[in-house]
Protein chains: 2
Amino acid sequence: MDNKTTLQKILDVGQHLIQKNGYNGFSYADIAEQVGIKKASIHYYFPSKKELVQAVLQQYHKDFLNDLFQIDQQFNDPVKKLKAFFQLYRNTLDNNSKICLCTMMAAEISSFPEEIRGNINQFFVDNAKWLENVLAEKKATENPIQAEDLRDQARLFLAVAQGAPLLVRTSGNFAQYDSMVDHLLTNL
Amino acid sequence: MDNKTTLQKILDVGQHLIQKNGYNGFSYADIAEQVGIKKASIHYYFPSKKELVQAVLQQYHKDFLNDLFQIDQQFNDPVKKLKAFFQLYRNTLDNNSKICLCTMMAAEISSFPEEIRGNINQFFVDNAKWLENVLAEKKATENPIQAEDLRDQARLFLAVAQGAPLLVRTSGNFAQYDSMVDHLLTNL
DNA sequence: GTCTATAAGATGATAGAC
DNA sequence: GTCTATCATCTTATAGAC
């Protein structure tokens with residue numbers, strides 16, 4: 001994995017640092033150290049920090065949509081899809097106690113210009129839309145349900161995916177995440 | 001309200017700034033400007049930023065526990081208590097689009113020493129404990145339930161209270177918060 | 001208690017050599 | 001592309017006068 005371009009290394013380390021410490025919690029010096037270059041070199045690729053974070057967000061968003069696509073390919077059962085969805089967020093936790101990039105950026109939203117705020121929101125919209133579709137598959141086999149209710153339930157699931165990692169990372173007990181998800185999926 | 005002590009003004013402005021911009025997103029200069037004193041004066045009350053944030057957290061935690069106590073005094077119906085609980089988090093949103101202090105601090109947890117991390121966790125534990133008690137009241141009148149399940153459900157509710165504000169503040173549509181809570185309470 | 005002055009270091013960013 | 005050197009600014013924090 002050492003044959004990554006410098007650009008890719010910067011993006012990956014940048015993403016890691018934002019998920020770990022937040023946009024206001026890392027510096028060009030941190031990236032330089034972990035990538036093995038000098039601060040000035042980062043400016044060659046990303047003249048400003050805002051441009052860097054935007055590129056990181058774009059990569060994260062694209063990768064996540066691909067993950068959702070893979071889930072759709074792999075499973076037919078809606079409940080299994082939902083479990084796989086929550087497993088994505090669990091994988092992030094397992095990977096160095098990180099949280100979703102957009103959970104972090106949503107908390108720090110006051111630091112970003114309007115365009116980036118829109119991009120963060122689009123990530124959530126895409127998450128909710130995917131959840132809504134899966135929940136619709138589930139409900140189709142059971143009693144009919146209002147479209148409005150489906151949207152609310154999808155957003156509720158997403159709220160859990162955003163909030164639960166914050167709780168269990170603070171407690172240090174990641175198993176609580178699984179219990180919460182189990183409870184949610186059992187009572188849906 | 002101008003008869004507040006300087007100490008109290010610093011605590012209140014500090015709390016506001018952390019909820020709005022995060023611990024890594026505000027400086028002593030910001031507090032000084034809003035309180036109407038000089039930076040150096042803040043150090044008279046709080047020699048370091050860590051001591052300031054700890055005092056802010058302590059005040060926030062105390063005020064929140066008092067809010068929960070007031071809810072217990074005001075309502076008997078468990079469902080009404082739960083609605084009032086989520087209304088507390090909604091009030092924070094309505095107040096200048098702020099989020100819970102501990103949602104923000106949980107996101108920035110890597111910036112804090114072990115002692116403060118423990119204090120943040122205690123806030124969540126107290127929240128979950130209160131929710132568990134209220135949910136137990138509710139279930140007592142219906143079918144019996146496992147204690148373990150109650151704890152999971154309480155944490156799930158708390159995860160929604162932590163995650164939903166992040167979502168709706170990003171979308172700008174606060175009404176989505178109410179819909180999510182309605183959905184949660186209707187299907188509990 | 002609050003101020004001025006200042007330190008010591010970090011930060012994002014630029015210029016220009018190689 | 002990556003470096004050294006440098007900048008202007010901001011950051012937390014301290015010393016000492018009033």
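Predicted model: local features only at pLDDT ≥ 70, side-chain atom pairs only at ≥ 80, totals over all residues.
Residues are numbered from 1 along each chain as its sequence is written, and chains are lettered from A in the order in which they are written. Local features need pLDDT of at least 70 and side-chain atom pairs count only at pLDDT 80 or more, while totals for chains, interfaces and linings use all residues; side-chain values use heavy atoms, without hydrogens and water.

Chain A has nine helices and zero strands. Helices (H or I, at least four residues) and strands (E, at least two) are DSSP runs, numbered from the N terminus. Along the principal axes, the C-alpha atoms of chain A fill a box of roughly 60 × 35 × 35 Å. Of its 188 residues, 51% count as buried; buried means under 20% relative accessible area, exposed over 50%, and partly exposed in between (1.4 Å probe, protein chains only). Among the contacts in chain A with a separation of 6 or more, 66% join residues 24 or more positions apart, a contact being heavy atoms within 4.5 Å.

In soluble globular proteins, nonpolar side chains tend to be buried together. A nonpolar core is a set of buried Ala, Val, Leu, Ile, Met, Phe, Trp, Tyr and Cys residues joined through side-chain atoms within 4.5 Å. The largest one here has 131 residues, and Phe85(A), Phe86(A), Phe85(B) and Phe86(B) have the most contacts inside it. Leaving out residues up to four places away in sequence, Phe86(A) touches residues including Phe157(A), Val160(A), Tyr177(A) and Leu185(A).

Beyond its neighbours within four places in sequence, Gln59(B) is in contact with Gln8(B), Leu11(B), Asp12(B) and Gln15(B).

Side chains of opposite charge can pair when their charged atoms come close. Over all chains the structure holds 18 salt bridges, each a side-chain nitrogen of Lys or Arg within 4 Å of a carboxyl oxygen of Asp or Glu. One joins Glu148(A) to Arg151(A), with the closest N and O atoms 3.5 Å apart. These two residues lie three apart in helix H8 (residues 147-171) of chain A, so about one helical turn separates them. Glu148(A) is partly exposed at 46%, and Arg151(A) is partly exposed at 31%. In chain B, Arg155(B) and Asp152(B) meet in a salt bridge at 3.7 Å, N to O, and both are buried. Asp72(B) pairs with Lys81(B) at 3.3 Å; Asp72(B) is partly exposed at 29%, whereas Lys81(B) is buried at 7%. In chain A, Asp72(A), Lys81(A) and Glu137(A) are linked in a network of salt bridges.

The contact between the chains takes 36 residues from chain B and 36 residues from chain A. About 3200 Å² is buried between them, 67% of it from carbon and sulfur atoms; buried area is the accessible area (1.4 Å probe) that two parts lose on being put together, summed over both. On the side of chain B, Leu167(B), Thr170(B) and His183(B) lose the most area, together 19% of what that side buries. There are zero salt bridges between chain B and chain A. Helices H1, H6, H7, H8 and H9 of chain B each give two or more residues to the side that touches chain A, and H8(B) gives the most, with 16 residues.
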